[in-house]
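Thanks for coming, everyone. I have one structure to show and a few minutes to do it. Please have a look at it first.

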Amino acid sequence: MKKTILSAKGLCKSFAHNGGQLHILSHIDLDLYQGDFTVIMGASGSGKSTLLYSLSGMDRATAGQVYYNEKNLAAAKEKELSVLRHTDFGFIFQQMHLVSNLSLLENVLVSGYLNKNTTAAEVKERAEKLFTQMNISHIKTHLPSQVSGGEQQRCAIARAVINNPKLLFADEPTGALNRKNTSEVLNLLTELNSEGQSVLMVTHDMKAALRATRLLYLEDGKITGELELPPYRKDEEKSRETQVNAWLSSLEW
């Protein structure tokens, strides 16, 4: 039986709009499970990123609860959420948000040093291992402006997992990359998941969605479809794509 790592109950999110309320999320109930590679799909404006931010505590839901380790994140203080973001959660975005005047390695080390549960030596050792895994050790002293977008994103992934997060949140992590770099980044995320890393990713890209072990479809702020898949294998990608396309077609994607 899968272990629940994060749970949302009755999650709603609204914004003031033209004198009224614009409802983005509508009474969402969702459990995320340890070890899953969960992917949220849906049309533009369906609330995918809003859901990710609300689940991660980066944004406050209008109503409902989000439970992590029996703590209601919707009621948590900002300091508590900040600690979670430095210890238990990792984040990858479409834009890498690397500090421009720090080297790639320094960008990762700074994030690691924010976790007070590890020593500087432990952070340095893990960062070096991650740079080897991400195949960017040879450019670790370069500034972000001196490397490609794909290399920047691989650095951002290393930064996101430097503190061994329990859950990795990824918002369109391949949206700004070309095909080659997209494939490399997806391979890294798949490898991390195969090693036990729990992932929640938002995407509109079919190639990215194929890496999921669990697909969720969001429409008008509600989860209207779910598909379970076995772990990704390259040699089964064509049949997997056919299955996912059929599922999406049934949802009128």
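Ground rules first. This is a predicted model, where local features need pLDDT of at least 70 and side-chain atom pairs count only at pLDDT 80 or more, while totals for chains, interfaces and linings use all residues. Residues are numbered from 1 along each chain as its sequence is written, and side-chain values use heavy atoms, with hydrogens and water left out.

A word on naming. Helices (H or I, at least four residues) and strands (E, at least two) are DSSP runs, numbered from the N terminus.

Start with helix H3, residues 104–113, and helix H4, residues 120–133. At what angle do H3 and H4 pack? About 135 degrees, with the axes 9 Å apart. That makes H3 oblique to H4. On the cut-offs: under 35 degrees is roughly parallel, over 145 roughly antiparallel, 65 to 115 roughly perpendicular, and the rest oblique. Axes are lines fitted to C-alpha atoms, for helices over the stretch in contact, and angles run from 0 to 180 degrees between N-to-C directions.

The crossing of H3 past H4 is right-handed. Here is the convention: if the near helix is turned clockwise from the far one by less than a right angle, the crossing is right-handed, and if anticlockwise, left-handed.

Who touches whom? Contact means heavy atoms within 4.5 Å. From H3 we have Leu104, Leu105, Val108, Leu109, Gly112 and Tyr113. They meet Ala120, Val123, Lys124, Ala127, Glu128 and Phe131 in H4. By class, this contact of H3 with H4 has nine nonpolar, one polar and two charged residues. For those classes, Ala, Val, Leu, Ile, Met, Phe, Trp, Tyr, Cys and Pro are nonpolar, Asp, Glu, Lys and Arg are charged, and the others, Gly among them, are polar.

H3 is mostly covered, with seven of its 10 residues buried. Buried is under 20% relative accessible area, exposed is over 50%, and partly exposed is in between, using a 1.4 Å probe and protein chains only. The buried residues of H3 are Leu104, Leu105, Asn107, Val108, Leu109, Ser111 and Gly112. They pack against H4 and helix H5, residues 149–161.

Now H5 with helix H6, residues 179–194. Their axes come within 9 Å and cross at roughly 20 degrees. That makes H5 roughly parallel to H6. From H5, the contact uses Gly150, Gln153, Arg154, Ile157 and Val161. H6 supplies Asn181, Glu184, Val185, Leu188, Leu189 and Leu192.

Next, charges. Side chains of opposite charge can pair when their charged atoms come close. The rule for a salt bridge is a side-chain nitrogen of Lys or Arg within 4 Å of a carboxyl oxygen of Asp or Glu. How many salt bridges does this rule give? The count comes to 18.

Take Lys9 and Asp31, whose closest N and O atoms are 4.0 Å apart. Lys9 sits in strand S1 (residues 4–17) and Asp31 in strand S2 (residues 20–33), so the pair ties together parts 22 residues apart in sequence. Lys9 is partly exposed at 37%. Asp31 is partly exposed at 23%.

Arg85 and Glu78 also form a salt bridge, at 2.4 Å between the closest N and O atoms. Then Glu237 and Lys207, at 3.2 Å, N to O. Glu237 is in helix H8 (residues 237–250) and Lys207 in helix H7 (residues 206–209), so this pair ties together parts 30 residues apart in sequence. Is Glu237 buried or exposed? Buried, at 11% relative accessibility. Lys207 is partly exposed, at 36%.

There is also a network of salt bridges, linking Lys2, Asp36, Arg214, Glu226 and Glu228.

Lys48 is in helix H1, residues 48–56. Lys48 is buried, at 9% relative accessible area. Beyond four places in sequence, the residues that Lys48 touches include Ile40, Glu172, Val202 and Leu218. Glu172 is 124 residues from Lys48 along the chain, yet their C-alpha atoms are separated by 9.9 Å.

Lys140 is in the loop between H4 and H5. Lys140 is partly exposed, at 24%. Leaving aside neighbours within four places, Lys140 is in contact with Ser103, Leu104, Leu105, Glu128 and Phe131.

That's my tour. Over to you.
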